[in-house]
Amino acid sequence: MKNQQADRRFFLKSTAMAAATALAAGVAKSASTTPGGDALPVLQDVEWNKAPCRFCGTGCHVQVGVKDGKVVAVTGDRKADVNKGLLCVKGYHVGMILYGEDRLTKPLLRVNGKLEPISWDKAIQIISDRILEAPEKFAIYGSGQWTIPEGYVANKFIKAGIANNMIDPNARLCMASAVTGYIGTYGVDEPYNGFSDLDHADCVILWGNNLSEMHPILFSRYMDRKIRGEKISLVDMTTRWTRTSQMADHVLMMQPQSDMAIANCIANQLIANKTYSREFVEKYCNFRGPDGPASLKGVPISFDEYQALVAEYTPEKVSKVSGLSVEELLWLGKLFGNPDIKITSLWCMGMNQHTQGTAINNLVHAIHLLSGHWGKPGDGPQSLTGQPSACGTVREVGTLAHALPGGLLVAKPEHAAKAEELWGLPEGRINPKPGYHTVKMWEKFCSPTEEKDSLDTIWVQVTNPGQTLPNLHKLFDPKEKQKNKFLIVSDVYPTATTKLADLILPSAMWVEKNGVFGNSERRTQQWFKMVQPPGEARDDCWQTLAVAHQLFLDGFAGMKKKDGSFLFHFEDKNGKTVPVWDWEKYYDYNVDEFLFEEYRQFTTIKHKNVAPYQELVKARGMRWPVTQDKNGVWKDTAYRFVEGSDPFVEKGKKFQFYHSTTGDDRAMIFFRPYVPPPEMPDDEYPFWLDTGRVLEHWHSGTMTMRVPPLRKAMPSAYVEVNKDDARKLGIRTGDKVRLETRRGELQLNAWIDGRASCPPGHLFVPFFDENLLINQLTLEAHCPISKQPDYKKCAVRISKVG
């Protein structure tokens, strides 16, 4: 109990301190009226406007206060359903990310090893020339931090213009397995439920998810109910003791990758104890078995066959694999077998960054379907995302190498034909062959140019692969020694990626531009530009449009529609061409609205209907599918596939999986066998290495390390070492140690039983520190279906330096 009280005091103290820091911007208070929202601080001459936070996939809304052309205050938006006025320590500081001293402000070209300023016109022409030289060797590497219009433009540029499908996002590294898990189970991507389940659940199960630090606002919804005395419990299934563990009612310490065996063990018990939901399963589910390791859809099996397959996953056998006791496994089986409680399962990178990521996603969906813990408020599985628009810009817009907007696929002729129709393209323009997924894209960029299938030019936008790719020694560093490789980077600050860039383009960030994001619960959120970017920094969306138009002028056929007009031809209400490529006139129009409304046509094809742009302007986000009632009012959807919530479920169906892969409105209950990790500790490398994030920093720290309070709170990376292991090795907190894997080595300081605690034989290192690149050590092995790499486990050895 003492640990719980201490940890709660920490969160309250840090949040309050962050709020005070963010609002102490040197702006005098006055008695002037309060604009823009409920209970906003009354600050003289400050104009307030709404925006989603720039960080994680929770999608918290903030009110941004601007004075004299600068963001001077940020506060939580009380009108927002997601966060109800609350922000985490990063959210309260989000306005400060714009004002680091080393912002990029001019296009820079590397000449004889040195970066020299050039004009935007020259930069755009250079990119056009690179593409014209070898369009088949050009790729775009993007991000779940792209706005929806930015991602849509890049996707159309590649799929409809260059026609090589060489585009993939960094979201391949964080949520691709969630995508394939949803598609395999329900026939269509994205959660059916949302964050409101946390307001109704009796039990929350975290599958390898440190919710208190990675999604603090969602954790606060749980804690708020707990503190009020409501009967709700937290199960932390984890490989290390974290701050979330301190608040949990049950901490189940498992071995890496054993989550697959645990899920199958739960299924075994549900059937053996006859506590599965027979009525739900018979009415709404089919069974699937594996058809090879790379099979997304699997093969049909009967209930009896499924029963036989899970029968071997007894508590006694799974206990040996997982490290959980037989009693803990029996307890989990009884928990899911209890129909009188509501269970919410949540997960993020612990399940997705997994060489069997699709499989474990399938299995967690399966035990919810099998047990009937599905489709009621507080009762169901939900994947969380780590980036502000990984759902909206990657999954919905389709910026993956195999996808098209709205859930369509390049390889399906009817999908390609529909995209060609909506885009006004000649028949056959869209290439049916998927491009390279992220790991393969960077392998091919780091391979010799003379190889037939290599890439020679990559344009990186809104991400930092020089720090975030796994096994950097293989996937990024070799670029420096390869001939005729050209790396273009659009960013706001110098990064590990810009160190090897040949052309650097300064970008606008967050409220320096218009934007639309899509968060983890299908909520589409819009905001307007509030301040000017520094120097010559410009929107990523404009950058892509400008290159597209230069290619059009240079005669590249792919930048023309079938009528000969520009691929991105738009007209205003008077029928006049909108010069989207002209920076001087770019903000004479709302280019975002033109692009978003074109994209919106795709979303109705698979019932992903997003709201009209102008409806999003009025709202704090709307969850798709959005429909208009007979009175003209637009309404969003809390639960998909559920009658009474989802407008596309037929009357009387109760539950209808209308994109079922079997075409019969049924979801799939998968059996996927336990598969050992690709690399395990041995005599040479006797420890497990895990990587992740910390509360104060977001991803590669490009933004948060420029915020003084956050940087001071966590100034550098470290390695978390178990106290018993440290004693045996003679290591104390602060000692310099060397970590070595089969891919590289790194020296950093040890932290013994600090914020969290690893079990014996395990080490943890966060990846936010560009001076300590832990991804030089991590493994690029990936899920055969989703192609998502496994950052969560590899073999490592540790030794004290000196």
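**A tour of the core and the rings**

Start by selecting R225, which has its place in helix α7 (residues 216-227); helices (H or I, at least four residues) and strands (E, at least two) are DSSP runs numbered from the N terminus. This is a predicted model, in which local features need pLDDT of at least 70 and side-chain atom pairs count only at pLDDT 80 or more, while totals for chains, interfaces and linings use all residues. Residues are numbered from 1 along each chain as its sequence is written, and side-chain values use heavy atoms, leaving out hydrogens and water.

R225 counts as buried because its relative accessibility is 7% (buried means under 20% relative accessible area, exposed over 50%, partly exposed in between, with a 1.4 Å probe and protein chains only). Leaving out residues up to four places away in sequence, show what R225 touches: L198, D199, H200, A201, E230 and I232. Contact here means heavy atoms within 4.5 Å.

**Next, the core**

In soluble globular proteins, nonpolar side chains tend to be buried together. A nonpolar core is a set of buried Ala, Val, Leu, Ile, Met, Phe, Trp, Tyr and Cys residues joined through side-chain atoms within 4.5 Å. Select I140, F157, W423, L503 and F568: of the 66 residues in the largest nonpolar core, these touch the most other members. Helix α4 (residues 148-162) gives the most to this core, with 8 residues. Now center on F157; beyond four places in sequence, its contacts include I131, F138, I140, T544, L551 and F568.

**Then the rings**

How many aromatic pairs does the structure hold? There are 41, counting rings of Phe, Tyr and Trp (its six-membered ring) with centres within 6.5 Å; planes under 30 degrees apart are stacked, over 60 edge-to-face, and the rest tilted.

Select Y141 and W442, an edge-to-face pair at 5.5 Å centre to centre with 85 degrees between the planes. Y141 is in strand β6 (residues 138-142) and W442 in helix α18 (residues 438-445), so this pair ties together parts 301 residues apart in sequence.

Move on to Y186 and F657, which are stacked at 5.8 Å centre to centre, with 25 degrees between the planes. Y186 lies in helix α5 (residues 176-186) and F657 in the loop between β24 (634-635) and β25 (667-670), so the pair ties together parts 471 residues apart in sequence. Ring pairs link both into a cluster whose members include Y182, Y284, W374 and F648.

**Last stop: a charge over a ring**

Select R240 and F764: the charged end of R240 sits over the ring of F764, 3.6 Å from its centre. The criterion is NZ of Lys or CZ of Arg within 6 Å of the ring centre and within 35 degrees of the ring normal.
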